[in-house]
Amino acid sequence: MAVEISNLSTALAHEEEKILACVHCGLCLEACPTYVATADENDGPRGRIYLMRAVKEGRLKSDSPTFETHIDRCLGCRACEAACPAGVQYGLLLEAARAEISKSPAKQTWVYRILHFVLRHVWLQPGRLRFAFGFARLMRDSGFAKFMLRTGIARGMSPRFEFAMALLEGSRAATKPRGEQSAGKMPANRPQDAGAPTAGAPMLFKGCVTESLFKRVNDATQRVLTVNGCATQSPESQVCCGALHAHAGDLEGARKLARQNIDAFAKGSNGDDAAPIITNAGGCGAMLVSYGHLLADDPNYAERAKEFSERVRDVGQQLHALAFRNGASIDYERTTYDASCHLQHGQHAADASLGMLWAMPDLNFALLTGSDVCCGGAGVYNMLEPELSQEVLIEKLKHINESGAVVLATANPGCHMQIAAGAALAGVKLKVVHPVELLDESYRRAGFYEKQTVEI
Ligand code: SF4
Ligand code: SF4
């Protein structure tokens, strides 16, 4: 039975203990990109928690402009959680606060109306979502987005539209199609040919954005895991993880998707319901590990959600557990790594993701200053709060430029598109890739696939 958030004060009241855990020490302030950008206490975690407490205690209305503005301006990056000595679970507080304000009549601007319409009537309907992503791919692959950017038409329409086109363009493969596959060959032991799954065979969570715009990353994930003796299954009935809904305050939408995924991943085809669930997107992974909390009050799903969350791991963590193979040198130009906030603070798996790069001998690697700081993408934040998002992004691009890197690896499609779009619009030469794409290339050069290729 679904548990509805039925009135404006319920969501925050439910999280009272987490609000009271904040002792207002302020140690989180310098870790907060929006506080650093605006120097406004209300744009920092401590100030936002103060506002949440005021709403919970009835001293401030949840539809007041002060509350809405400062909660809206939060990136949800959760860097404050890592800095907090009191263990305040800020991410969960933010979701509750957004659930409060999403119902406010004052919140009904056209941007929010469109967002909530799309989340409700497209994102919750797999057929419509496939159609929408198919249309997005058509705009990208037909050259429409590039044309709009190159001719300046997109800029003339609005800076927001120009950035949206740049995001779409930023999802293109940064590297050339590899000869092996463009010639029409595939590894013979590709996952779909891997035979009957062995006990505990992991299940791949594909993610709606990744599967639609970055299918190459899912393919690389499957190849790399297979080479390490870990062929994956991938349930057909899986759906979006629900992160966009949760971040936008639509917790019921997020719960609906969570229940569908828990059912979809209930058992592997070998009947194993404890198989690891592998993700390669930090945003999805952080959402999947929060299902236990999201459905804690649902009597039918609470226990199953908790078990589901315990099975989730990033591909970097899975490879690490397998003591994965080193590949060959990939001879790339200078490469750096940017940690996805949610991979880092939601899944605590950023180091495991970076570890994929260490499997490539002689990688020309440069450390990135502020790699642990948000890029300003944050789901659809870049569309909703474009000015602040740009400020945060400019800082990121400045550090990338200082590193001298021309290749950047990051493990989340939102960060990927945000950084690629920002770099392209700023005229910065940068290829953005997922770490597993580089490892895949390294394995190809090591001949791990070639020995087992067949014509298809
Ligand atoms: S989630 Fe990020 S932007 Fe929001 S308060 Fe915490 S550190 Fe600041
Ligand atoms: S959230 Fe944590 S670090 Fe920030 S003020 Fe509260 S107790 Fe201190």
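**Close-up views of a predicted model**

View 1. Among the 13 residues around ligand 2, the nearest are Cys-22, Cys-25, Gly-26, Cys-28 and Cys-84; a residue counts as near if one of its heavy atoms lies within 4 Å of the molecule. The model is predicted: local features need pLDDT of at least 70 and side-chain atom pairs pLDDT 80 or more, whereas totals for chains, interfaces and linings use all residues. Residues are numbered from 1 along each chain as its sequence is written, chains are lettered from A and ligands numbered from 1 in the order in which they are written, and side-chain values use heavy atoms, with hydrogens and water left out. The shell around ligand 2 comprises ten nonpolar residues, two polar and one charged (Ala, Val, Leu, Ile, Met, Phe, Trp, Tyr, Cys and Pro count as nonpolar, Asp, Glu, Lys and Arg as charged, and the others, Gly among them, as polar).

View 2. Cys-32, Arg-48, Cys-74, Cys-77 and Cys-80 come nearest of the 13 residues around ligand 1. Two or more residues of this shell are given by each of helix H3 (33–38), helix H4 (45–56) and helix H6 (79–83); helices are DSSP runs (H or I, at least four residues), numbered from the N terminus. Nine nonpolar, two polar and two charged residues form the shell around ligand 1.

**View 3. Contact of helices H25 and H26.** Ser-389, Leu-393, Lys-396, Leu-397 and Ile-400 of H25 meet Gln-418, Ile-419, Gly-422, Ala-423 and Ala-426 of H26, contact meaning heavy atoms within 4.5 Å. By class, this contact of H25 with H26 has six nonpolar, three polar and one charged residues.
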